[in-house]
Amino acid sequence: MRPITMERVEDTRKQILDTIESATLTHEQKVTNLANLADSLLEVLDLPEGLDELLNSEGDAKCICDLFEGHAPMRPRYIAPDYEKLLKEGCEYLRLPAPTDLMEALNTLLIFYKHVPSITNYPVYLGQLDELLEPFVDTVDEAMGRKLVKNFLMNVDRTILDSFSHADVGPRETKIGYYIFDAEKELQDAVPNISMKYDADITPDHFLKAAVECGLACAKPSFANHKMFVSELGERYVIASCYNGLPLGGGSYTLCRLILGNIAKRSKDIADFKEKQLPYVMDIMARYMDARVKFEVEESGYFDNTFLIKEGFIEREKFTAMYGLVGLADAVNILLEKEGKTGRFGHDEIATQLGVEIMDIIDAFNQNHEAPYCEVTGGHYLLHAQVGIAEDQGITPGVRIPIGEEPDELIDQLEVMSHFHKYFPSGTGDIFPVDMTVHANPEYVMDIIKGSFQRNLRYLSFYSSDNDVIRVTGYLIKRSELEKLDSGVAVIHDTTALGLGASKNGHILERKVR
Amino acid sequence: MKATVVKIIPFSCVDGPGNRTAIFLQGCNINCKYCHNPETRGPKNPEATEMTVEEVMERVKKQVPFIRGITVSGGECMLHPEFVQAIFEQAKPLGLTTLIDSNGTIPFEKYPELMAVTDGVMLDIKAMNREDHIKITDHDNDTVLANAKYLAECGKLYEVRSVIVPGLYNGDKNADALIEFLEPLHQLSDFRIKLITYRPNGVREEYAIYKQPSKVFMQRLGERFREHGFEVVIV
């Protein structure tokens, strides 16, 4: 372990005291932050040369971001346990027998969730809930089944204090799916985040319609292109956290992101960006991720000691990692300006074309980089269009069109996005607030989903522009909680604070309403 | 063949089922006091453009496969039946459904070729009482009611629409008469009722004197139709 300066120690001690004395952090949020501060004092990773400048600079010079994963990763960022195994066989470590009815199944899940860590210290994946619970649906009558599911979801919202927690439903129609949608409409809660895996050949229209109606009432579920994910990750995949496609029974070791706008700023012109600056930063970030993955697997002991491995709920061989990026739009606009060319990302063919060329370079780099311990994805990382963090200013999420610059017509926005979703098996997505009028015509949204998935769009979210529950970037918050926090009162979910930052820095309340 | 097109809305959620491209043609033959788009009434409009059928279809094709159909509206699109027919003939092979939004003053029966490529009509019945209809539109409703019957008989009545304007005519009495008239037609064909809340914005100043009906009033009116087995949409 490398030594650090006393100045850094003193600085961290001050941050520790500030955290302890904070009025707007709950106890759980303080404990998490204190652990992160302790971790920040370690220097154990084998870091690539040149990383410090790209990672630790402020403002425009920062080209790589590691999303506060800490200096000594002690567990994978995202873990997606095989809950089906749990419900079939129970868990020896937790002394849970295999459940025999719906009540036991839900209780088993709620107990298990407390023992699934992640970057947030809460489980980011709650299971393919409807498929998991459908075998138990007829063990109670419908009224009781609905009540149990509703209480389960309420329990999740009040005890998993972070809306990166994600449950999946679909593509097959299930009774539990309907119970979940009806419960969520009533609950109006931010947690869990939900995705519906949709496949036009499997999902009947009335199931999709129920999902859309739920989405218009409480901003979830979002819709995942099942065919596309299956073609890349196989049938056993999950949507976790914001919208991250990952192998079931595994997950992601880490996620770092390229800040493409800042890489464009340090480039002379398009050629310099493509041939020198971008490859330079990509290489350093990949090697930084390699170091993180190796520490996790070889040093941290997580994979040697957790009951999740010992009992087969996860397997080390099913983990991969996410090679992320933000600000494709920013990079394209900056580079076109440097070349003296007119054109804006989201509006002009020349900008779309440059965006595609940049993505092809990143994709090719990733395909050529041998990533350690990523057997499940062919020895390579998965590209990820990261949705941004609260502190981002002037950084456009993933490959989205900046808020405030969306084309007048939704069709034009979808057309642009259809060029980019294919690059990101571990997640990308677009968000559309829709006018209340759509409530009388949910088929409108259904048609857009169906058309989008035919055009190889991957993931779409809708919400009513005047709802309490709204989608920030990938996660959900309650507007009413946001207002409380803004007035200085501590609130239950840590993601509300991220939403507050995003509303001030990322203008997420100003998206074009469709 | 050309027509004056006011605008084309690529994605519309209010012009029929699902997501549709809505095409608005210039010119109208009646004079609704509550018209929201009075600029589309006359033969000319600086905002409108002359377009061929092919030009319109180019704009439509861009939305495939995101839309399930197209709706032609106005003005009054039945003033251009050949143009509408030509558009529909090209839309059908693309798998799109075709709807007409009409004030019903032009008899559909006279255009069998157009009807052959039309999936449904959204028909305004602005008032059941003949004098009320004249008061609202400067035009009687004889053809409107005949159209309702004809369309229900051939299964092409998709929706009956009525704008609710308290003060302009007796809404309660009109609802009763409408239910009485539509009930037998509903036996022949499954169509829905759309009750549209009058809103003064956009209406010509001299006519923007009426009150917007309350949500409660609209719901109560809708309930009366629902009691008689109609599917009702309130906007």
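In which sense do strand E4 and strand E5 of chain B pair, and over how many bridges? Here's a set of close-ups of this predicted model, starting with that pair.

**View 1. Strands E4 and E5 of chain B, side by side.** Strand E4 (residues 69-73) and strand E5 (residues 97-102) run parallel, paired over 4 bridges. Look for Ile70(B): across from it, in E5(B), you'll find Thr98(B).

**View 2. The open sheet of chain B.** On average, neighbouring strands are turned by 30° against each other, direction ignored.

**View 3. Helix H1 of chain B on the sheet.** Helix H1 (residues 53-61) lies across E1, E2, E3 and E4 of chain B, and runs at about 90° to E3(B).

**View 4. Inside the largest nonpolar core.** This core has 212 residues, and those touching the most other members are Ile64(A), Leu258(A), Ile263(A), Val281(A) and Met285(A). Helix H12 (residues 270-299) of chain A gives the largest share, 10 residues. Both domain 2 and domain 3 of chain A supply at least three residues each. Zoom in on Met285(A): leaving aside residues up to four places away in sequence, it touches Ile64(A), Cys256(A) and Leu258(A).

**View 5. Where chain A meets chain B.** Here 16 residues of chain A are in contact with 15 residues of chain B. On the chain A side, H18(A) gives the most, with 8 residues. That side splits into 8 nonpolar, 5 polar and 3 charged residues.

Notes:
Residues numbered from 1 in each chain as written. Chains lettered and ligands numbered in written order. Predicted model: local features only at pLDDT ≥ 70, side-chain atom pairs only at ≥ 80, totals over all residues. Contact = placed C-beta atoms within 7 Å. Helix = DSSP H or I, 4+ residues; strand = E, 2+ residues; numbered from the N terminus. Nonpolar A, V, L, I, M, F, W, Y, C, P; charged D, E, K, R; others polar. Core = buried A, V, L, I, M, F, W, Y, C linked by C-beta atoms within 7 Å. Buried ≥ 20, exposed ≤ 12 C-beta atoms within 10 Å, placed from the backbone. Domains from an automatic or database assignment. Pairing = 2+ DSSP bridges. Axes fitted to C-alpha atoms, helices over the stretch in contact; angles between N-to-C directions.
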